[in-house]
Amino acid sequence: MTRGLSPRSSELPRHLQVPQKGRQDKSCCGSSLDLGRIRVILTHNITCASKRSPDDYHATLKTLNSRGRRPRKSLGQHYMLNAEINEQLVASANVEEGDLVLEIGPGTGSLTNVLIDAGAIVLAIEKDAHMAALVRERFADTNRFKVLQEDFIKCHIRSHMLSMLESMGSLSEKTRYAKVVANIPFNISTDVIKQLLPMGDIFSEIVLLLQDETALRLVESSLRTSEYRLINIFVNFYSDPEYKFKVPRSNFFPQPNVDAAVVKFKLKQAVDYPAVSSTKSFFSMVNSAFNGKRKMLRKSLQHICTPVEIEEALQNVGCLATSRPEELTLDDFVNLHNSIVRV
C-alpha cells in the first residue's frame, strides 16, 4: 500500500506524482493517470471553490513534481494549494484592471495567475533562481508580468517600483499608487513589513498572508500586555491594519506547524503621519523605550534628558511618572517625544 504524505513532509507521495512522458502511473487507477482520482484524494484537506481558477492545488503539485522541485525550508517555502484563498487575497486588495501589483515570492505562480486574471500588471521578486525561471517561462506570453531574481530584503524595491510606475506612464490618479499582494515566507514577515509600510508614497495598500499569531499581534495587541511591542507602534504610525481572515495550515504544501491569516495594511500618506519633528528621532526614542521594556521610562530614556524631566513630561501628557513602555499608546509616545526630544 502506498504511504500517504506526512503533514510536514516536502516530498510528494507516489499517488500525487505526475508520471514522466511514456510512463503510466498504476498507483492511482490502473492503466493511466486519473486526474479526478487525484482531486478526490486531496479534497479532504482542501476547501474547493465552486468555480476555480485554472491554477488549482493539483496544478501546483504537478508543477513542483514535473520540475523535480521540493520546497526549501531555508527559504520558508510553503505553497498555497487552495485557489479560493488566492482569489480572496486579490479581492482583499481590491485589485482592478491596470493596477500595478508587487508580489513577493511568486513560487509556482498560482497567486500571480489570479492577479493577472484580475487585470493587474505584476512585478514579482523571487529569491529562488529555479522558481524565478519557472514563472518567467510560465508567463512569457504576457506583457503583464515581470520577475526579478533577487532577495527582497536586500533589493532596492523603491527604485524598481518607481521605474515600473514611470514606464506605465502612471500620472493619472487611478494608477498613481501600486499595491502589494503576497504569500510571504513567515520567517521574513517582520522585515517585509518594516521595509514596505513607510512607502505610502508608492503603495496604497498591502495585503499579506502571515502566520496567524503574528497577524493577531500586529493588529490586536493591547496595552499592558507582553504582546505590545515596538512593531505595534511602527505599524500604527504608518498604516491602518485590518485582520481579514484566518487560513488553516492544511491549505499549504508542505503543511506548516501553524495556521496563517491575511492582514490588510492601508498605508498612510506622509501628511497623515503623527506629528513628530523627526521620524528618525521618534523611533530611536521608542526603540530605547522597548529595549528596556521592564524599566520605567524615566530610566530607559535618561540618555535623552534627566529622569525628573521625563517624569514631568509623562505627567504633562497624561501618563504616570512611573510609566513603562507597554503602558503608552502611539499618541502618548508622540506627545512624549515632542516634549523631551530636541531636533
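This is a predicted model: local features need pLDDT of at least 70, side-chain atom pairs count only at pLDDT 80 or more; totals for chains, interfaces and linings use all residues.
Reader: What makes Ser323 count as buried?

Author: Buried means under 20% relative accessible area. Ser323 has 3% relative accessibility, so Ser323 counts as buried. As for its place, Ser323 is in the loop between α13 (307-316) and α14 (330-340).

Reader: Which residues is Ser323 in contact with, leaving aside its neighbours within four places in sequence?

Author: They are Met296, Leu297, Leu314 and Leu328. Contact here means heavy atoms within 4.5 Å.

Reader: What makes the pair formed by the side chain of Ser323 and the backbone oxygen of Leu320 a polar contact?

Author: The distance limit for N or O atoms is 3.5 Å. A polar atom of the Ser323 side chain and the backbone oxygen of Leu320 are 2.7 Å apart, so the pair is within that limit.

Reader: Let's turn to the record. Which residues does UniProt list under "binding site"?

Author: The unreviewed UniProt entry gives His78, Met80, Gly105, Glu126, Asp151 and Asn183.

Reader: Why is Glu126 called buried?

Author: Glu126 has 6% relative accessibility, and the cut-off is under 20%, so Glu126 counts as buried. You will find Glu126 in the loop between β3 (121-125) and α6 (129-138). A polar atom of the Glu126 side chain lies 3.2 Å from the backbone nitrogen of Gly107.

Reader: And where is Asp151, and what does its side chain reach?

Author: Asp151 sits in the loop between β4 (145-148) and α7 (157-167). Its side chain reaches the backbone nitrogen of Ile153 at 3.1 Å. With a limit of 3.5 Å for a polar contact, that distance is within range.

Reader: How many disulfides does a search of the whole structure find?

Author: The search finds 0.

Reader: Are Cys155 and Cys305 buried or exposed?

Author: Cys155 is at 7% relative accessibility, and Cys305 is at 12%. Both values are under 20%, so both cysteines count as buried.

Reader: Stepping back, what percentage of the protein's residues count as buried?

Author: Of its 343 residues, 51% count as buried. The protein exposes about 16,800 Å², with 47% of that supplied by carbon and sulfur atoms.

Reader: How many helices and strands does the protein have?

Author: There are 14 helices and 9 strands. Among contacts with a separation of 6 or more, 68% come from residues 24 or more positions apart.

Note on methods: Residues are numbered from 1 along each chain as its sequence is written. Side-chain values use heavy atoms; hydrogens and water are left out. A disulfide is a pair of cysteine sulfur atoms within 2.5 Å. Buried means under 20% relative accessible area, exposed over 50%, partly exposed in between (1.4 Å probe, protein chains only). Helices (H or I, at least four residues) and strands (E, at least two) are DSSP runs, numbered from the N terminus. Accessible areas come from the Shrake-Rupley method with a 1.4 Å probe; for residues, only the protein chains shown count as cover. A polar contact is a pair of N or O atoms within 3.5 Å; within protein, one must be able to donate a hydrogen and the other to accept it, and residues adjacent in sequence count only if both atoms are side-chain atoms. UniProt positions are given in the numbering used here, feature names are shortened, and annotations may be inferred rather than shown by experiment.
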